[in-house]
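Let's take a friendly walk through some aromatic rings and helices. Have the sequence and the 3D view ready as you read.

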Amino acid sequence: MLNLTPKTLSPSPFLFNSIPIPIPQNPSPKFLTQSRPSFKSEYQTERGHEFETGDTFFRHESATGRDLSVLAASLYKKSKSKLRVLDALCGCGIRSLRYLVEAEADFVLANDANEEYRRIISENLSRVERDFGESEGRWVVTHFDANRVMAECYLQRDFFDLIDVDSFGSDSSFFLRNAMNALKLDGGLLYVTCTDGYSSGGHRPHHSLAAYGAYVRPMPFSNEVGLRMLIGGAVREASVLGYNVTPLFSYYSYHGPVFRVMLQLNRGKLVDDRYYGFISYCHQCGNSDTISWDKLGQISCSCSDSKVSSSPVVSGPLWTGPLHDAAYVTEMLNLAEQWGWVGSGKGTDLEKLLKQMVDESDPRLPFGYIKLDELASRAKVNSPPLMTMLSTIHKEGYAASRSHIASNAIKTNCPMTVCIRIAKNLQQCHS
C-alpha cells in the first residue's frame, strides 16, 4: 500500500474514491523552504495557458499530441458525463492542466517520479483555481514510479477513464499491463507513447521482440511500422488480460521520433485476429503484403512466380488493421472547429493532420506507404508531383491518400508496377 509521506505533502493514505479524504494540493511554506535545487523560471504558453517548465523535460513540438488527447478526453466527457484522468508521467503538468480546463476533467491524478518537480507541477495546476475560479479537490500531485501508482489504483479498485503514459524510449511496453488494469473497461482510453525509432526501423529486432513481441526488419515505411508495433504490443497485453483494444487514432511526429496512439479498452478477447499478423516487403519489386499466421511457411511475392524467395522481408506480429477510426477522428475535427482551433485560417496544421487521418482511414488502403523518391528511383524518372500522382491513381480506379507520417509519400492499394507505369507516363507527358 502506498502511503503519502510528508515529502509528498500529505500524511493521508493514497487518494481513492472509496476514501474521500481531502488532500491539500498546494505545498505548505515549510516544504517550499527546504533545501532544494534551484529552478529556472521559464514560462511557456500553450492554447492560452501560461505555465512554468523549470528544469522539467518539456517539448513545445509535442503540443499537437496534447491537442489530440484533449479532444479525445473532451469527447469522452461529453458521452459519459464523467472523466477521471491519470497522467502517469506528467513532467511539468501541462497535460494535466489542459485535461482539467479544456476537457473539464472531474479529477486528475498528476504523477511524476521526480519529487523535485513538485513545486512546478503544483504551481501550474494551481492556475485552475486562481485563473478559472474552480473549487479545490479536482487534482492531486504524487511522486512515485508510474507502475506502482497504477498497480495500487488497481488493487484499491480505483479506476480511471483515461490514462496518459507519455514515456521515453520503448518503456511504454513496460507500463501497458498495469495501465490496462487501472483503466475502466467498456470504453476506457489509454494514450500510449513510444520514441524508439531504432526498433521501429528494424535495427534492433531482438529489442522490439522483447518489448513488443514483434520481430521488426528494416522497411521503407518504418515510421508506420513503429505505430503498428506499439498497437500490436497493446493488443497482445490486452489479450492476456482477457480484453481487446481498438486504436481510435495513431499519430507520428518527427521529433524524437514520437509514436502516440489512443486506444479504447473493452471486455472480451480479440475474436478476430485478421488485424494481428505479419507484413512483408519485397526489395526486388517494392510490393507489400499481409501474411496470416497459417501462411508463414508459404511466403512469396508475385514477382517470383509464387515461389519461395529471399527478396521479401517479414516483420511481426504487428497490428495490420486501420490506424484510425474515421468517424471518431471526424468528431475530433468537428470539436476542434467548435473550439476555434481550426478553420478560418487558424490551426491549419492540426486541421490538415485530422483530415489526413480521415483519408488514411479508407478501408481499401493497405498498411504502409510509398515514398515518391523510391518510386522515382524504381521508374528511373524524376519524382512526380504528389497531387498529380494521387489524381492519376484515382483515375485508374485505385484508392489513394496522402500519409500524415511522411510528407512526400502516398498510401494506396495500387501495385508498385502500376505506380511505376503512371510515373513514367507522367514524365513523358511533362517532357
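## A buried tyrosine and its partner

Y369 has a relative accessible area of 5%, so this residue is buried (buried means under 20% relative accessible area, exposed over 50%, partly exposed in between, with a 1.4 Å probe and protein chains only). F221 counts as buried too, because its relative accessibility is 3%. This is a predicted model, in which local features need pLDDT of at least 70 and side-chain atom pairs count only at pLDDT 80 or more, while totals for chains, interfaces and linings use all residues. Residues are numbered from 1 along each chain as its sequence is written, and side-chain values use heavy atoms, leaving out hydrogens and water.

How are the rings of F221 and Y369 arranged? Their centres are 6.2 Å apart and their planes stand at 70 degrees, so the pair is edge-to-face. Rings of Phe, Tyr and Trp (its six-membered ring) pair if their centres lie within 6.5 Å; planes under 30 degrees apart count as stacked, over 60 as edge-to-face and the rest as tilted. F221 sits in the loop between α9 (205-212) and α10 (222-241), and Y369 in the loop between α12 (348-360) and β13 (370-371), so the pair ties together parts 148 residues apart in sequence. Helices (H or I, at least four residues) and strands (E, at least two) are DSSP runs, numbered from the N terminus.

Ring pairs join F221, Y281, F367 and Y369 into a cluster. Searching the whole structure gives eleven aromatic pairs. One of them is Y191 with F249: the ring centres are 5.8 Å apart and the planes meet at 65 degrees, so this pair is edge-to-face. Y191 belongs to strand β7 (residues 188-194) and F249 to strand β8 (residues 243-253), so the pair links parts 58 residues apart in sequence. Y191 and F249 are both buried.

## Charges over rings

Look next at two arginines. R47 lies over the face of W341, 4.2 Å from the ring centre, and the charged end of R84 is over the ring of F160, 4.6 Å from its centre. A charge sits over a ring if NZ of Lys or CZ of Arg is within 6 Å of the ring centre and within 35 degrees of the ring normal.

## Two helices meeting

In α2, A63, R66, D67, S69, V70 and A73 meet I94, R95, R98 and Y99 of α3 (contact means heavy atoms within 4.5 Å).
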